[in-house]
Amino acid sequence: MTWIKRIGFFLLTNILIMTTISIVTTLLGSMGFSIRAYGLDLTRLIVFCLMWGMAGSFISLLLSKMMAKWTMGVKVIDPKKASAPEMDVYRRVQSLAQRAHLPMPEVGIYESPEVNAFATGPSKSNSLVAVSTGLLNRMNAQELDGVLAHELSHVANGDMVTLTLIQGVVNSFAMFISRIIAYIASNAVKEEMAHIVRIVVTIALDIAFSILGSIAVAYFSRKREFRADAGGAKLAGRESMISALESLRQMVDMPEDPRGEALASFKISSNKGGFMSLFATHPALEERILALKQMR
């Protein structure tokens, strides 16, 4: 599996959108450059980067629920037509959402051998909580409550919006730095090559800095996981939350769904080691369990 598939669906979508924005603005001849006789118009460049950087991030947010359904083949539960197992999941989410004072989210199930769940959506009133069939088959009721409470805590904490704002700032900074470097590089070549160099360097650095910026976003994502665990403990009970994480930790041979690698940042668990841990959207399960045990 490639590392880029595991930095999270939101991050991956954002990189693709930022690349598209970079190419489109280049083709339209508007890259944020306003070159005066004495250099760049930094004020205009900053405004341009903020506008497009935040736009790319919010487009990712608005598309998140629709793309998650399409990618994972999520079957949204209709309480009027649901089977008994589906209604059990639906009612558990309903009960926890009421306890958290949240609008009822869409609840879905997706076919997958992996033991996992995810939450996504642009707002508290427009969210989705989905669980895998693997999770339903391998976790007991207490553990299931812990997982669902964790995902609803992400919704209650507004984590999707928070990560969107952080990603927007990272995007803007990446676009600004890439254009500064591209301007310097274009001044270092012959005049007839300057425009081509500026375009190529800008697009290449937009992509590179978007990927590097994912490290910062993943760091904040890991911090939000601890908060979601704490929220899940309050909603379903600390023992349910610990039990769910302990169960995941013991499943060392847990199968992974290749379709879901890009949804890692939304799931209950996502593991990496070595250098790739910088892109991990979740802390180690051992750290999360310890934090819950120490929580007052």
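Reply: Start with a place where two helices touch. Glu 225, Phe 226, Asp 229, Ala 230 and Ala 233 of helix 7 meet Glu 287, Arg 288, Ala 291 and Leu 292 of helix 9. Here contact means heavy atoms within 4.5 Å. Helices (H or I, at least four residues) and strands (E, at least two) are DSSP runs, numbered from the N terminus. This is a predicted model: local features need pLDDT of at least 70, side-chain atom pairs count only at pLDDT 80 or more, and totals for chains, interfaces and linings use all residues. Residues are numbered from 1 along each chain as its sequence is written, and side-chain values use heavy atoms, with hydrogens and water left out.

Me: How many residues of the contact of helix 7 with helix 9 are nonpolar, polar or charged?

Reply: Sort them by residue name. Ala, Val, Leu, Ile, Met, Phe, Trp, Tyr, Cys and Pro count as nonpolar, Asp, Glu, Lys and Arg as charged, and the others, Gly among them, as polar. In the contact of helix 7 with helix 9, five are nonpolar, four are charged and no residue is polar.

Me: At what angle do the axes of helix 7 and helix 9 cross?

Reply: Picture a line through each helix. Axes are fitted to C-alpha atoms, over the stretch in contact for helices, and angles run from 0 to 180 degrees between N-to-C directions. The axes of helix 7 and helix 9 (residues 285-294) cross at roughly 45° and come within 10 Å. That makes helix 7 oblique to helix 9. Oblique is what remains after under 35 degrees (roughly parallel), over 145 (roughly antiparallel) and 65 to 115 (roughly perpendicular).

Me: At what angle does helix 5 cross helix 7?

Reply: Read that pair in turn. Helix 5 (residues 141-156) and helix 7 (residues 191-236) have axes that cross at roughly 125° and come within 7 Å. Helix 5 is therefore oblique to helix 7. On the helix 5 side, the contact includes Asp 145, His 150 and His 154. On the helix 7 side, Arg 224, Glu 225 and Asp 229 are among the residues. This contact of helix 5 with helix 7 has five nonpolar, six polar and four charged residues.

Me: What is the make-up of the contact of helix 2 with helix 6?

Reply: Begin with the geometry. The axes of helix 2 (residues 42-72) and helix 6 (residues 159-187) come within 7 Å, crossing at roughly 140°. Their contact divides into 17 nonpolar residues, eight polar and one charged.

Me: Which residues does the UniProt annotation "binding site" cover?

Reply: UniProt positions are given in the numbering used here, feature names are shortened, and annotations may be inferred rather than shown by experiment. The UniProt annotation "binding site", from an unreviewed entry, covers His 150, His 154 and Glu 225. These span 76 residues in sequence, yet no two of their C-alpha atoms are more than 8.6 Å apart, so they gather at one spot. His 150 belongs to helix 5. Glu 225 sits in helix 7.

Me: Is His 150 buried or exposed?

Reply: Look at relative accessible area. Buried means under 20%, exposed over 50%, partly exposed in between (1.4 Å probe, protein chains only). His 150 is buried, at 0%. Glu 225 is buried too, at 1%. UniProt also puts an "active site" (unreviewed entry) at Glu 151. Glu 151 lies in helix 5 and is buried, with 0%.

Me: Where is Glu 111?

Reply: Find the elements on either side. Glu 111 is in the loop between strand 4 (106-110) and strand 5 (117-123). At 62% relative accessibility, Glu 111 is exposed. Its C-alpha atom is 7.7 Å from that of Val 74, which is 37 residues apart along the chain.

Me: What is phi of His 101?

Reply: It is near 60°, a positive value in a residue other than glycine. His 101 sits in the loop between helix 3 (84-99) and strand 4. His 101 is exposed, at 73%.

Me: How exposed is Ala 204?

Reply: Ala 204 is partly exposed, at 42%. Ala 204 is in helix 7.

Me: How many helices and strands does the chain have?

Reply: The chain has nine helices and six strands. Of its 296 residues, 53% count as buried. Among contacts between residues at least 6 apart in sequence, 74% join residues at least 24 apart.
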